[in-house]
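Let's walk through the pockets and the core of this one together. Keep the model open while you read.

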Amino acid sequence: LRVSVDLPSLFDEIPIVTHFVLQNCEVELLRNDSGISNWDVLPEKTEEPEPKPEPDRTALVPFSVKNLSIQDCSLLADSPDKEIPLKVRIDSATLQEPGGDRITANIAGGINDEELTLEGWLAPASVLQNGGRLEHRITLRAGDVSLVSSGTIADLATLADPKLNGHLTGPDAAKVIAELSLPPLSEGPFDFKLDLTTQDGMTVLDIDGDLGSLDIMANGRVDKLIEPGQGNLWAQISGPNLQALGQALGVQGLVAEQFEFVADARLDGGKVQIDEAQLLMPADRLSVSGDMTLAEGLPGSRLKVDLKSDDLGRWAGLVNQPVLAFGAIDLDGLIQTDDKGILAIEALAKHYGSALQVSGEIGPLNGPYRPDMNIDFSSDNPSDLLKIFTQQDFPDFPLEIHGNFASSPEQVRFNGVAVQLDENSLKVDGHLNLAEQFAGSEFELDINIPD
């Protein structure tokens with residue numbers, strides 16, 4: 001390793017490294033089954049350090065390298081969660097300012113068993129330190145996979161006024177996915193295109209995303225890429241395996257079936273208007289529409305939800321429960337918050353011969369919850385429904401439950417609760433105090449059992 005520094009620049013805001021040369025090196029990054037890594041050499045922090053004031057400058061990179069050279073180096077990264085260890089070989093890599101106001105880069109090497117090359121440039125040379133306008137063109141090839149990116153950005157720090165396009169192609173998405181140790185979410189040849197342009201002060205997005213058997217299409221416009229305030233977006237995603245896509249995004253419990261997701265939404269200030277958002281699968285359909293504010297607690301939001309499923313039990317993994325044979329369900333619901341962020345719901349769920357209707361307030365979205373719900377349940381024969389949860393057989397009988405249930409950390413209230421079990425009935429009014437061994441609790445019961 002050889003490093004040369006321009007000494008006078010150490011007293012300036014941007015230190016200048018005139019030469020950085022690294023040769024004949026091997027780096028191994030390993031993690032074992034216990035989660036211990038070979039780079040865990042620093043002691044654990046016991047207290048949070050005092051935050052340091054941010055330096056008073058706009059540099060995106062706080063130093064400048066005029067000439068960088070890496071020769072004959074390798075990197076190995078492996079851990080139990082990787083099906084294939086990552087092996088990167090750098091035969092030669094250079095980053096230079098050969099004159100003029102431009103940085104050029106050239107890399108030759110390999111990644112696992114594929115040859116790797118990168119060549120390109122960006123200008124001006126000072127953009128990484130000072131921000132401002134960026135121009136670039138980069139071509140990356142890894143075996144048969146090719147990525148080409150080019151275009152300009154008026155201000156790199158704010159991503160203002162972009163005119164960019166990217167093109168990713170290759171013969172087999174499954175091979176790339178395996179190299180990245182991702183779930184098998186796609187296969188086949190891929191040809192992905194991304195374009196960002198600026199029209200009438202708005203950034204226009206166009207994605208033609210053929211990623212093998214996974215397709216991503218999107219178009220729309222926003223007033224700015226960072227913290228947008230106005231705009232609209234249409235998107236469609238379809239693929240063979242929703243479970244694999246969810247796992248790649250960190251979501252567990254989805255069903256391993258083909259899917260199509262379509263969304264059409266608009267952004268207006270601090271509110272998102274969802275004209276359409278649908279997840280379509282062979283045996284399931286979820287539709288959401290309405291308005292959602294972006295303020296903390298989502299005050300003033302209103303969403304309509306429509307769910308139809310041939311077997312809802314397949315989705316039990318979303319709530320960390322084992323898959324069960326629940327059967328078909330049809331649910332229509334309305335979820336809304338008032339201007340103070342108090343969450344309320346109205347919903348009707350039908351399951352074969354049973355129907356459940358609920359309405360009322362739950363409490364602030366972020367808690368604490370204080371549900372105050374009106375409940376109406378009726379079933380011609382709830383024995384099948386009970387067997388799903390208890391695995392026990394029950395006699396056939398009609399059941400109805402009506403009334404109001406309210407709960408807080410201090411008390412549970414039953415207001416006009418009526419239960420009709422065949423010819424038997426129960427009516428309950430009262431409250432149960434949860435503190436001091438239920439002291440002060442009071443109930444009025446009316447029980448009628450003819451036989």
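Q: Into how many nonpolar, polar and charged residues does the lining of the largest pocket divide?
A: Bear in mind that this is a predicted model. The largest pocket has a volume of about 880 Å³, and among the residues closest to its centre are Leu-307 and Trp-315. Sorted by class, its lining comes out as 29 nonpolar, six polar and three charged.

Q: What classes make up the lining of the second largest pocket?
A: This pocket has a volume of about 740 Å³. Its lining counts 31 residues, and those closest to the centre are Val-145, Val-176, Ile-177, Leu-180 and Phe-190. Split by class, the lining holds 21 nonpolar, three polar and seven charged residues.

Q: Which element gives the most to the lining of the second largest pocket?
A: Several elements supply at least two residues each, including strands S7 (114-123), S8 (134-142) and S9 (145-155). Helix H2 (173-179) and strand S13 (214-222) are on that list too. The top contributor, with five residues, is H2.

Q: Which element gives the most to the largest nonpolar core?
A: That core has twelve residues, among them Ile-177, Leu-242, Ala-244, Leu-245 and Trp-315. With three residues, the biggest share comes from H3.

Q: Which residues is Ile-177 in contact with, leaving aside its neighbours within four places in sequence?
A: Ile-177 belongs to the largest nonpolar core and is also one of the residues closest to the centre of the second largest pocket. With those sequence neighbours set aside, its contacts are Leu-182, Pro-183, Pro-184, Leu-185 and Ser-186.

Conventions
Residues numbered from 1 in each chain as written. Predicted model: local features only at pLDDT ≥ 70, side-chain atom pairs only at ≥ 80, totals over all residues. Heavy atoms only, no water. 1 Å grid on protein atoms, 1.4 Å probe; cavity = no way out; pocket = protein on both sides within 12 Å on 5 of 7 lines; lining within 4 Å. Points joined across faces, edges and corners; volume = space filled by probe spheres on them. Nonpolar A, V, L, I, M, F, W, Y, C, P; charged D, E, K, R; others polar. Helix = DSSP H or I, 4+ residues; strand = E, 2+ residues; numbered from the N terminus. Core = buried A, V, L, I, M, F, W, Y, C linked by side-chain atoms within 4.5 Å. Buried < 20%, exposed > 50% of the residue type's maximum accessible area, 1.4 Å probe, protein only. Contact = heavy atoms within 4.5 Å.
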